[in-house]
Every structure is written in structure tokens, then in C-alpha cells.
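Please look over the sequence and the model first.

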Amino acid sequence: SSLHGAGKWSEDILNQQVYFNKMLIDERKVSFDEIENESLKYLQNMEGVSSVISSRDIDRFDYSGGPQKYIKRGFYQKRSGDIFITFDVNWITDKLKGTTHGSSYEYDTHVPLIWYGWKIKPGHSFIPVFITDIAPTISSFLDISFPGGCTGNPILFLK
């Protein structure tokens, strides 16, 4: 923040998340709200940025739809950043081509899941499943208990 003097105001920008340097903010006696609001405005006006959300807004608002629902699902207060950045469709940083599979858009989240082998009957399904469904599905194949902390459900296959 050039308004508050030189310094490394963010510790890191990683996985589309900004982590503020809270020690510097406290040391300079700058309002966290002010730094956050200035950063949100700055980032929102950057080319390729679709939206920005503060970590505090994740708890305040519903975000049950759109790309923001994935941010809310993956949010963990102790490790997540202070600001989340969602890029425009087909926008990527730090690469000339390819993808990171890190966006919440269909072209990154729609990935085929192929099962082959023992206890797998031929068939197909177009029912959406989640990564959290893989472990309970394998557990069901093996007739063992679901892993501790399991939040998914076994995948039901249709012919």
C-alpha cells in the first residue's frame, strides 16, 4: 500500500489468495479494514479479475452458487488467505498456455472419473460426483469402513 509507506504489506499471493502481513499492519498501526478495502478495490480493477472476496465476507454471506461456492467450501480460517481472487473465464496467470485446474469454471471442474477392474461392472453415468466421494466408493468396493472424517458418499453407478 503506497498510502501507508514502503513495506511488504502482503506476505504471499498463493492459489489465488492474498495473505496480508499482519505483523507489519499492527506495527504501523494501520487499520486492517483499510488495507483490506484498498486491496479489494485495487484487485477488482486488475485485468483478468472477475471478482474478489474478503475472508470475512465468506462468513457473512451465503455464497451457495457460482464460483464463490467453491471458495466457501474450501475456506479454512487458520490457513486460508485474507482475500480470494476469481479470474475471468479462460484467464490464467504465470503461463502462456495450459491450465492449473484451479478455477471454479466447468472446463476445470468437469473431469472424467474412470473405474476399471475388480467389482467394476461395465456402464456409465453422467451424475455429478465430488472428490470426497472417491474414498467411500473405494471403501465400499473393499467392504471396509469409511475413513475417519469422510464427508462423501459412495458413488452409485448407472448402466
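## Where the tryptophan sits

Where is Trp118 found? Trp118 lies in the loop between helix H5 (106-109) and helix H6 (134-142). Helices and strands here are DSSP runs, numbered from the N terminus: helices are H or I with at least four residues, strands are E with at least two.

This is a predicted model, in which local features need pLDDT of at least 70 and side-chain atom pairs count only at pLDDT 80 or more, while totals for chains, interfaces and linings use all residues. Residues are numbered from 1 along each chain as its sequence is written, and side-chain values use heavy atoms, with hydrogens and water left out.

Trp118 is exposed, at 60% relative accessible area. The cut-offs are under 20% for buried, over 50% for exposed, and partly exposed in between (1.4 Å probe, protein chains only).

## The Lys22 pair

Side chains of opposite charge can pair when their charged atoms come close. A salt bridge here is a side-chain nitrogen of Lys or Arg within 4 Å of a carboxyl oxygen of Asp or Glu. By this rule there are four salt bridges.

One of them joins Lys22 to Asp82, with the closest N and O atoms 2.9 Å apart. The pair links distant parts of the chain, 60 residues apart. Lys22 is in helix H1 (residues 22-27); Asp82 is in the loop between helix H4 (66-74) and strand S4 (83-87). Lys22 is partly exposed at 40%, whereas Asp82 is buried at 7%.

The closest N and O atoms of Arg56 and Asp33 are 2.4 Å apart. This pair connects helix H3 (residues 55-60) with helix H2 (residues 32-44), across 23 residues. Asp33 is partly exposed at 39%.

For Arg56 and Glu36, the closest N and O atoms are 2.6 Å apart. Again the pair runs from helix H3 to helix H2, here 20 residues apart. Glu36 is buried, at 4% relative accessibility.
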